[in-house]
Amino acid sequence: MPWIDACATEDIDAEDLIRFDHGGATYAIYHGVDSKFYATAGKCTHEDVHLSGGLVMDYVVECPKHNGQFDYRTGEAKRLPACVNLKTFPVKVEGDRVWIEV
Amino acid sequence: MGKRDYSLFGPDAKRAVESGLTAAEWYHSEVPRKVMKELMTRSDGPAIRDTVLLYGLMVLFAALGIALWPSWWSAPFWLAYGVLYGSASDSRWHECSHGTAFRTPWMNDLVYQIASFMIMRNSATWRWSHARHHSETYFVGRDPEIAIMRPTEMAKLILNFAGILDVLKFIPNLVQNALTGPTAAERTFVPQAEWPKVQRVAQVHLCIYLATLALAVATQSILPLMIVGLPRLYGAWHHVMTGLLQHGGLADNVIDHRLNSRTVLMNPISRFIYWNMNYHVEHHMFPMVPYHALPRLHEIIKDDLPAPNRSIAEGFREMWPAIKRQLAHEDYFLKRDLPATAKPYREDFHQYVPGMMPAAE
Ligand code: FES
């Protein structure tokens, strides 16, 4: 699987996320509370909604549409109406760049 | 568009999906991400304060009602208790179903369960109907929470100020849910994995009502029912009054909440009962913003929204003639002017489906 240079570390505030589109797919990249970076599919599994407008609280991302929640480290759906887990992707940081393996 | 069919299996439901309306993206006012993050921030403080106040007042009013029972002097206390039970429960149910009232999940869930019981809604079903209401607000045949259908049946609307139709619908539904799980219509929006939960919740609610009824029979008094059950009737008027204002007389089948929702500035008591849902355009546009931050959100985006109504009375003065006009002209709706600072309504959003967006008369 190829590694893709997604963004700079400073592009994402602490405890926040951004949307990253690549190759016709959309991803969400997180700057977690532990200062590490994570990546998941960009859209909620409940409906076709970008998570990038959502809220990061601790290790949870909350969807902006119906407040479904996921653990962005594992993709686990944590709160209804989200019941299907989110796909996650490996992330590495090199220098000040964030790479994801898609 | 002709006669509307609000059934979840009808031709309008099919048309909304086929036309692409259900998949279209809603309009949002622009709010810088940093500001939005700050508005979305959760905290327990405001909701704990309001919940302690709410339940404290309920205990106080019920105690005074019981102490003065059966004298008519107890009536004002029942009226106050009733509004908190039969109306404030609606807004608590609503805000906690979004999970935004408290930061701590179990607090949201606890208040949600209590409120669902009081407002006579199955907590496992209505969470899903409300998700649909947000995705497809006032899409005919898709939104299961359309309060005012066109043309409005006035008698029903008025009867519901005393919660009568809601309760008449609730009782057979409760029994059916308790015996066999969700109804056919409910199965269209509740995922199958949740069906057993719907049944369990209904069984718990039914047991509480049967126990209350048994106590009333045993004590030969309606007093137990004055505390549990009946306040859903005699205290419903406030949530019906505010609920009608949310979307009444406005557009349906559109994807801009400025066209189908109404913000009404209200007195502080109504705002406490309604938990700030009077900022209804703001709430629909950004459902992640907790109730206590809605006044701040309103200040930030108000230049992009139609002017709010300045009181409940003013809201009704605007809405009522529109509802009456819809009796004869089903396609009529109120299209409120936007301030010069606002982004215009995107008519192209709404015209890709022939007949979906009738011109305002
Ligand atoms: S779209 Fe994400 S919770 Fe519904």
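Begin with chain A and chain B together: the area buried between them, meaning the accessible area (1.4 Å probe) that two parts lose on being put together, summed over both, is about 1,700 Å², and carbon and sulfur atoms give 48% of that area. Within chain A, select A:L55, A:K65 and A:L80, which lose the most area to chain B and together make up 30% of what that side buries.

This is a predicted model, in which local features need pLDDT of at least 70 and side-chain atom pairs count only at pLDDT 80 or more, while totals for chains, interfaces and linings use all residues. Residues are numbered from 1 along each chain as its sequence is written, chains are lettered from A in the order in which they are written, and side-chain values use heavy atoms, with hydrogens and water left out.

Next, select the residues in contact (heavy atoms within 4.5 Å), where chain A supplies 23 residues and chain B supplies 21 residues.

Then turn to the charged pairs: 5 salt bridges, each a side-chain nitrogen of Lys or Arg within 4 Å of a carboxyl oxygen of Asp or Glu, are found across the interface of chain A and chain B. One of the salt bridges to display joins the side chains of A:D13 and B:K34, at 2.8 Å from N to O.

Finally, select A:C83, which is partly exposed, with a relative accessible area of 46%, the partly exposed range lying between buried (under 20%) and exposed (over 50%), with a 1.4 Å probe and protein chains only. The closest cysteine sulfur to that of A:C83 belongs to A:C44, at 9.4 Å, too far for a bond. A:C7, by contrast, is buried, with a relative accessible area of 3%.

Methods
A disulfide is a pair of cysteine sulfur atoms within 2.5 Å.
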